[in-house]
Each structure stands twice: as C-alpha cells, then as structure tokens.
Amino acid sequence: MPTASDSTQRKILIVDDSAFEQRVLVDLLSELPYKVSVAFNGLQGYQLALANQPDLILLDVRMPSMDGYTACRLLKANPVTQDIPVIFLSGADADEERIMGLSIGGVDYVSKPFSPGELAARIQVHLDLARRVSDRGRQASNDAEAGATVAKTGDSDPDAVIVAAVKRLIADNLATLPGLAEIARSVGTYREKLSQIFREQTGMTVFAFIREARLRRGEELLRDTDMDVQDIALLIGFNNAGNFATAFRERTGITPSAFRASIQQRKTPQA
C-alpha cells in the first residue's frame with residue numbers, strides 16, 4: 001500500500017460515464033495519497049489528460065461520445081500523453097476485449113466488479129514502473145530529455161495525433177482492417193474528415209497508405225522469413241497470392257518469388 005512519502009501529488013484520472021462507479025473509485029483512492037480527477041467520457045478524459053498530465057489513467061471501455069479504446073489510441077498516438085500508464089477498468093471481460101485493450105497500449109485490464117485492494121496494488125505497481133522508466137530516462141541524458149520535451153510539445157497537433165493513431169491501427173491490423181468509416185470512428189472522427197487530414201498530413205489517401213503498408217510488410221516477410229507467399233498474402237490482407245503478386249510486381253517490378261530468390265542469392269557466399 002502506498003504511503004504519503006512515495007505517492008504525494010501522484011495524479012490519477014478516472015474516466016467513467018457511471019457516476020456510481022466514479023464514486024466507488026474516488027472513495028477508494030481518497031483513502032490513499034493521490035490527487036484524483038474525473039471525466040465522464042473518452043473525449044473529456046483525453047482532453048483532461050492533455051491539460052493535467054496525470055501519472056495514471058483508469059479508463060472505462062463502454063462510454064458515450066468516445067469509448068475507452070478510442071481515447072487510448074489517441075493518448076498513445078500523442079507524444080504529450082503516450083507515456084501515461086492506462087489501466088482499463090471495465091465490465092466487458094471477454095478475451096477479445098482484454099486483448100484489444102492491451103494491444104492498443106493499456107498496461108493492464110481489470111474487470112468489474114474488482115477487488116479494491118487488488119486495484120490499489122495494481123495502480124501502485126504501474127506508478128512505480130512508470131517512475132522507474134522516467135528516472136532512467138532522465139539519468140541517461142538531460143540534454144536528450146530537453147530535446148524530447150520540445151518535440152513532444154510541437155508534435156501534439158490534433159490532426160497529427162489522429163493520423164498517427166490511424167497509422168498504428170493499420171500496422172496492427174493489416175489482415176483484418178475494417179472499412180474507412182470504422183477506422184475513422186476508431187480514432188474519434190468521421191470518414192470525410194479523416195480522408196482530408198490524412199491527405200494533408202501524408203500526401204496520400206488512407207487506401208494508398210494501407211496498400212503501401214501491406215506491401216512493405218510483405219517485403220519484410222519475404223526477406224526475413226521462410227513463409228509461403230500465400231501465407232504472407234493472407235497475413236497482410238490480400239485475398240490470395242495472385243493479388244499480392246500483382247500488387248508487389250507493380251510496386252517493385254518483380255514477383256514476390258523473384259524478390260525472395262534475389263535476396264537469397266545475395267546471402268549465399270560466392271565460391
């Protein structure tokens with residue numbers, strides 16, 4: 001259990017649309033030396049995180065306006081908030097829900113109803129881990145830290161954050177990407193707006209970026225693994241090896257098999 005000496009002024013942000021759940025959490029944390037703030041949905045929580053820089057966020061999943069997954073994607077895409085530990089606290093306890101929360105950047109996933117003692121312990125563990133990482137970073141180089149601070153402030157443009165979140169979503173889901181409207185909803189915007197800012201930020205459409213990301217990943221797998229071309233095609237989101245081969249040849253001028261053969265030939269020692 002934390003003491004006043006090791007937790008004074010540690011700030012925790014609770015993001016939950018249930019007033020009852022908020023009271024339960026505030027009552028629990030008020031017994032500990034934390035400074036607590038609350039938000040009622042993901043968007044409000046994201047905005048408060050930007051403004052107040054909490055040390056840890058307790059984040060519900062199912063909320064109106066913006067759910068917890070969307071808020072987490074934005075938090076992790078923004079250099080200003082990406083290092084804040086996020087603990088998902090949700091009644092949604094299916095395996096896929098937990099996997100989703102952890103894969104998009106949550107450090108933990110606690111199911112409701114929870115044990116107050118266990119939750120308090122988990123909070124303290126992640127606060128301690130985050131502090132150790134921060135301390136190591138400061139010790140590594142004060143000059144580097146100062147430069148990173150400037151970069152973080154400059155890179156927090158809202159449109160840039162959305163585009164960064166989309167890029168990560170695409171990279172993590174090449175095989176099973178949803179449609180553009182669902183991608184936009186997953187980062188808290190709508191299709192037309194996403195199309196506009198993505199082109200402004202990257203100079204290409206979302207679909208062109210997806211195609212390029214798939215082909216780059218395919219090239220990596222051809223170079224670094226022995227996977228069959230068909231398996232690679234399915235893994236990166238093509239329906240079959242033929243479609244992958246056509247797209248790959250258009251981009252590189254050679255087929256996947258020829259590309260792999262050329263790589264292997266360069267790796268083979270010459271007699």
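**Exercise 1.** Find which residues glutamate 97 is in contact with, leaving aside its neighbours within four places in sequence.

*Solution.* Take contact to mean heavy atoms within 4.5 Å. Glutamate 97 then touches Val61, Arg62, Tyr69, Ala92 and Tyr109. Helices here are DSSP runs of H or I with at least four residues, strands are runs of E with at least two, and both are numbered from the N terminus.

A word on the model: it is predicted, so local features need pLDDT of at least 70 and side-chain atom pairs pLDDT 80 or more, while totals for chains, interfaces and linings use all residues. Residues are numbered from 1 along each chain as its sequence is written, and side-chain values use heavy atoms, without hydrogens and water.

**Exercise 2.** Decide whether glutamate 97 is buried or exposed.

*Solution.* Recall the cut-offs: buried is under 20% relative accessible area, exposed is over 50%, and partly exposed is in between (1.4 Å probe, protein chains only). Glutamate 97 has 14%, so it is buried.

**Exercise 3.** Work out where the buried residues of helix 3 lie around its axis.

*Solution.* First, list them: Gly42, Gly45, Tyr46 and Ala49 are buried in helix 3 (residues 42-52). They lie on the same side of the helix, because their arc around the axis is only 100°, taken from the directions from the helix axis to the C-beta atoms. Finally, look at their partners: these buried residues pack against strand 1 (10-15), strand 2 (34-39), strand 3 (56-59), helix 4 (68-77) and helix 8 (158-172).
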